[in-house]
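Welcome! Take a moment to look over the sequence and the model below, and then we can walk through a few of its features together.

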Amino acid sequence: MGGLNVKYPELFNPVIGETYTNRGGGTFRCLWSSDADADFINTKSGWKFQAHGCRLYDDGTIEWDYSTGGYFAEEDKQL
């Protein structure tokens with residue numbers, strides 16, 4: 001039985017103001033967090049969203065179970 005032996009991480013609360021690398025390669029700055037949910041902004045594209053079920057791997061990368069409410073930050077100026 002080959003394959004990767006990666007332990008599925010526990011939930012965690014991202015630190016507001018910290019930048020994290022997603023396992024898919026993007027970088028995201030935390031804007032708010034509570035109970036393993038967090039608002040992030042993609043540092044390259046400006047895409048903002050709420051991540052639910054944030055998880056931190058041993059190598060420092062993160063993932064989340066799903067996200068909602070995504071939009072480009074430029075839309076903030078139009079609200």
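A residue counts as buried when its relative accessible area is under 20%, and as exposed when that area is over 50%. Keep those cut-offs in mind as you read on, and remember that this is a predicted model.

## The sheet

Let's begin with the strands. In general, the strands of a sheet pair through backbone hydrogen bonds, either parallel or antiparallel. Here, five strands form an open sheet in the order E1-E2-E3-E4-E7, and the pairing is antiparallel. Which strands stand at the edges? They are E1, covering 19-21, and E7, covering 66-72. Each of these has a single partner strand, so one side of each is left without a neighbour in the sheet. On average, neighbouring strands of this sheet are turned by 30° against each other, with direction ignored.

## Strands E2 and E3

Now look at one pair inside that order. E2 and E3 run antiparallel, and six bridges join them. To find a spot where the two strands face each other, look for Trp32, which stands opposite Asp39 in E3.

## The loop between them

E2 spans 27-34 and E3 spans 37-42, and Asp35 lies in the loop between these two strands. Ala36 has its place in the loop between E2 and E3 as well.

Most residues other than glycine have a negative phi. Asp35 is not a glycine, yet its phi is positive, at about 50°. Ala36 is not a glycine either, and its phi is also positive, at about 70°.

Are these residues buried or exposed? Asp35 has a relative accessibility of 68%, so it counts as exposed. Ala36 has a relative accessibility of 7%, which is under the 20% cut-off, and therefore Ala36 counts as buried.

## The cysteines

How many disulfides does the model have? The count comes to zero. The reasoning rests on a distance: a disulfide needs a pair of cysteine sulfur atoms within 2.5 Å. For Cys30, the nearest cysteine sulfur is that of Cys54, which is 7.5 Å away, and Cys30 is in no disulfide.

Methods. Residues numbered from 1 in each chain as written. Predicted model: local features only at pLDDT ≥ 70, side-chain atom pairs only at ≥ 80, totals over all residues. Heavy atoms only, no water. Helix = DSSP H or I, 4+ residues; strand = E, 2+ residues; numbered from the N terminus. Buried < 20%, exposed > 50% of the residue type's maximum accessible area, 1.4 Å probe, protein only. Pairing = 2+ DSSP bridges. Axes fitted to C-alpha atoms, helices over the stretch in contact; angles between N-to-C directions.
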